[in-house]
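Keep the view open beside you and turn it as you read.

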Amino acid sequence: LLQRIAASEGRTPPRLLTGTAHDEAVALVVEAALAAGGEAESLLQSGVLHPDVARGEAFRAELREVSRVLDDFAIQPEELTARLRPAIREGGGSHSLLPDPELAEHWLVACELVAAVNAHLRATRPDERSSSELLRAAADALVSEDDIAVPRLVLVDDAQELGEGELALLAALVGRGARVWAFGDPDTSTGAFHGE
């Protein structure tokens, strides 16, 4: 779908950004933030996140997951940052819809780093997109473009594993008249729910 749209507009079609390339970009941005300065560096140096943690493989994986979730819900990191700043100033609590200020500080660091990683990837890999970005772009195209042909029937296997990005794409297809038949394993999803 995205390749056809790009071809019709004379643009280079997007390619899949590999997890390895994304991980390398996160590592470079974290190192640059720790060494060179800037807002992300000041957040990392503020004690919210220890540099050894920020350099770790587990943190890079979590940061890529934050990026995926933001893509799934079509939220830019800058938007979430703007929402979090009042929580830090005003403070959250048990009777507030705002998150706890300490938690908001951690999310602020994550958003700043995701935004920096996105900027780095746009500069160094302008035609590559993560799988979650591709899903969101395809769903958005289906909603905004009228002349895109969609299949009459979409079959989905392992529906219990669908995430928000896939659901948004399926919803956009249904909105354009496609039928969706989804197959899944309720035992698997129930077992996952119970923590198995």
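The buried residues of H9 pack against H5, helix H8 (131-144), strand E3 (153-156) and strand E4 (179-182). Here contact means heavy atoms within 4.5 Å, and buried means under 20% relative accessible area, with exposed over 50% and partly exposed in between (1.4 Å probe, protein chains only). The buried residues in question are Gly165, Ala168, Leu170, Ala172 and Leu173. Helices (H or I, at least four residues) and strands (E, at least two) are DSSP runs, numbered from the N terminus.

Before going further, a word on the model: it is a predicted one, in which local features need pLDDT of at least 70 and side-chain atom pairs count only at pLDDT 80 or more, while totals for chains, interfaces and linings use all residues. Residues are numbered from 1 along each chain as its sequence is written, and side-chain values use heavy atoms, with hydrogens and water left out.

Helix H9 covers residues 164-175, and its 12 residues should span 16 Å at 1.5 Å a residue; the end C-alpha atoms are 16 Å apart, which agrees. The expected span of a helix is 1.5 Å times one less than its number of residues. After H9 comes Gly177, which has a positive phi near 105°.

Now step back to the whole chain. There are 10 helices and four strands, and along the sequence they follow the pattern α-β-α-α-α-α-α-α-β-α-β-α-β-α. Of the 196 residues in the chain, 34% are buried. Among contacts between residues at least 6 apart in sequence, 72% join residues at least 24 apart.

One of the partners of H9 was H5, so let's go there next. How far does H5 reach from its first C-alpha to its last? With 16 residues, H5 reaches 23 Å, close to the 22 Å expected at 1.5 Å a residue. Its buried residues are Phe59, Arg60, Leu63, Val66, Ser67, Leu70, Asp71 and Asp72. H5 is followed by Ala74, where phi is positive, near 55°.

H5 also packs with another helix. Two packed helices are described by the angle between their axes and the distance between the axes. For helix H5 (residues 57-72) and helix H7 (residues 101-124), the axes come within 10 Å and cross at roughly 80°. Axes are lines fitted to C-alpha atoms, for helices over the stretch in contact, and angles run from 0 to 180 degrees between N-to-C directions.

Which residues of H5 and H7 meet? From H5 come Phe59, Leu63, Val66, Ser67 and Leu70, and from H7 come Trp107, Ala110, Leu113, Val114 and Asn118. Sorted by class, this contact has eight nonpolar, two polar and no charged residues. Ala, Val, Leu, Ile, Met, Phe, Trp, Tyr, Cys and Pro count as nonpolar, Asp, Glu, Lys and Arg as charged, and the others, Gly among them, as polar.

Is His22 buried or exposed? His22 is buried, with a relative accessible area of 9%. Leaving out residues up to four places away in sequence, His22 touches Leu17, Arg64, Ser67, Val117 and Leu121. Ala21 is also in helix H2, and is buried at 6% relative accessible area. Ala21 and Ser130 are 109 residues apart in sequence, but their C-alpha atoms are 9.8 Å apart in space.

Finally, look at the charged pairs. The whole structure holds 11 salt bridges, each a side-chain nitrogen of Lys or Arg within 4 Å of a carboxyl oxygen of Asp or Glu. In H5, Glu65 and Arg68 form one at 2.5 Å, N to O; they are three residues apart, about one turn of the helix. Glu65 is partly exposed at 36% relative accessibility, and Arg68 is partly exposed at 31%. Arg68 also pairs with Asp72 at 2.3 Å, N to O, four residues along H5 and again about one turn. Asp72, at 5% relative accessibility, counts as buried.
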